[in-house]
Amino acid sequence: MLKRKLLITTLIGAGLIGTMAFGEYQASRRANTSALLTTIGVPFCAPQRSGPQYKNKTFFRLAMAQADDGRKPARTEVGPFSRAIPDAESIAQADANPLLMDNLGTLHYPITTSKPTAQQFFDQGLRLAYAFNHGEALRAFRKARTLDPECAMCYWGEALVLGPNINAPMDPAAVAPAFDAVNKAHGLSARASAKERALIEALTARYARDPQADRATLDAAYADAMQRVAERYPDDDQITLTYAEALMDRQPWDYWEAGGFRAKGRAAEIVGLLEKVLRKTPDHPGAIHYYIHLTESSSDPARAVPYAQRLGRLMPGAGHVVHMPFHTFFRVGMYKEAIEANRQAVRADETYIARSAPVGIYPQAYYPHNIHSLMVSAQMAGDGATAIESAAKLSRIVSDAAARNIPWVQPIMAAPYFAHAQFSDAKTILGLPDPADFPYVQAMWHYARGVGLAGAGDVSAAQAEADAIVRLGQQNDFADLVAGGVPAKDVLRLAEQVLRARIAQANRDPMRAVRHFEAAVALEDGLAYTEPPYWYYPTRQSLGAALLLAGDLDNAENVLRSSLARAPNNGWALFGLMRLYEQRGDAPGARVVRGMLDKAWIGDPRTLELSRL
């Protein structure tokens, strides 16, 4: 028994929640159960307070902490892609005549031009660049320089968005156009202001005529050049943000270590630059966008909440900007707000796509990413109807071509099977089509089928589905996915362990279920941070429920509270904790958690069963 307790203690807190912390918690719980329980729904990153009722906050911070283990940097958003942004398809469409949009906010950066409409399209391009719709931004900048062929900054904007960004490397097809555009800007810069000349001069360091030139060297030179410009013009928000993005591009999605508690590389400097802009211009959509990305994988994502709450209305026609608050809301347990942000983002994208008929990465990946994010937010809040509706939409819009060309699209293609595993009955799940052309997606199809079969009591058929997942892992190296940052084999192993745990539950073997869920937790802890996560729910909730069903109430409580530290306000884990307190006879504790559950859960309460956690 001692050996099992030690193993569980290691798993639940990434090796950092010890028996001393749990013993301290137990003493505090006995002293003031109701006051202590009010901390359950508070994100681990909430400000520290004094007083005995807040003593257990240390437990939550330990639950989130992870040692820096040298793993690959976390990847999030909709990248990295095997094709860059703008890709060749977007570049080919760049001369299509764009429309001036009236729903992208009021961001304005005055440039030297004699044509008011050129200024309008320049502003539109800048807004779209901040919205990570680089293909549409390219169209706007090219339209601007068509309207004013003498506009140096219009060419600067074109060259800027042809470069790499935190979601994508630079497409080889963009090398020559970017080099030509920045040189055209340089040639016209005598007509520009001193500030504009400085921006153009810095951008020349980013590109070379040789497509084989070392990208890292060029990116470093550009960041250094932008640092000098930012030091020269410290009060210019656009210059500060351009410098901040140049630094972000040098370490994309690799901003934190030690479980998010310590800034990595130049991340602290980037945060400082963004906070400087936000103090001066708190409604700057670009600064908020970058700030959410910088903080979402840190130990304190809640610092971005006030900005996230205002971002969507600043550029209501830019679906990706409208979606961005999700990245903060999901981390801090604001799942209802995450659902609404993504609903609005999907509507914005569908309006834009119908109006502008874009090609390339934006409609193929950014738009599905928003639907995927809506689905996972609904899953966490128990909104099965929205989750299944979003799953159906994803199945309709994600093309086989996109899944082959963009590694991150395959996890999006697989996500509907997770929604069905969580909310659909076995008959519905068994009627889902076999995505045989995509082994990774097919493995998640087998997983969903296995969960459905285990729930229906057909254990032998569920075992066959688990074995099919193992075979797919053995027969495929998933090289394209791994090269794109997707830990495919680890996700397959995780799916297998969860499914085998469900089979053990169906066999009424709680200790075997515990062992498989322990393995699943260890695998989940090894996955890099991404949003939405590679695995669709926190497996600690399952381990906690399995321990509760096995009668190990103390360890079950420890695990469930750890799960809530990582995913605050998760109704599934709150339900498990409520049942635990009921079983223990702790009426005040159960009452407090019931209140939290009532606020967090928006789905059918009949969905909540310990065996489904």
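For what follows, Ala, Val, Leu, Ile, Met, Phe, Trp, Tyr, Cys and Pro count as nonpolar, Asp, Glu, Lys and Arg as charged, and the others, Gly among them, as polar. Keep that in mind for the counts that follow. One caution before the details: this is a predicted model.

I will start with the second largest pocket. It has a volume of about 680 Å³. How many residues line the second largest pocket? There are 31, and those nearest its centre are Gly455, Arg502, Gln505, Ser611 and Arg612. Several helices take part. Those giving two or more residues to this lining are α22 (409–423), α23 (426–430), α24 (439–455), α27 (488–506), α28 (510–525) and α29 (539–549). Which element gives the most? That is α24, with 5 residues. Sorted by class, the lining of the second largest pocket holds 18 nonpolar, 7 polar and 6 charged residues.

Rolling a probe the size of a water molecule over the atoms shows where empty space is left. In this model the count comes to 5 cavities of 30 Å³ or more. The largest cavity has a volume of about 170 Å³. It is lined by 18 residues, and Ala129, Leu160, Val161, Glu245 and Tyr290 are the closest to its centre. On your screen, look for three elements, α6 (116–130), α8 (152–161) and α12 (237–248), which are the ones that give two or more residues to this lining. The most comes from α12, with 5 residues. By class, the lining of the largest cavity has 10 nonpolar, 5 polar and 3 charged residues.

Last, a pair of helices. The axes of α15, residues 305–314, and α17, residues 325–332, come within 9 Å of each other and cross at roughly 140°.

Which residues make the contact? From α15 they are Val305, Ala308, Gln309, Leu311 and Gly312. From α17 they are Pro325, Thr328, Phe329 and Val332. By class, this contact of α15 with α17 has 6 nonpolar and 3 polar residues, with no charged ones.

Technical notes. Residues numbered from 1 in each chain as written. Predicted model: local features only at pLDDT ≥ 70, side-chain atom pairs only at ≥ 80, totals over all residues. Heavy atoms only, no water. Axes fitted to C-alpha atoms, helices over the stretch in contact; angles between N-to-C directions. Helix = DSSP H or I, 4+ residues; strand = E, 2+ residues; numbered from the N terminus. Contact = heavy atoms within 4.5 Å. 1 Å grid on protein atoms, 1.4 Å probe; cavity = no way out; pocket = protein on both sides within 12 Å on 5 of 7 lines; lining within 4 Å. Points joined across faces, edges and corners; volume = space filled by probe spheres on them.
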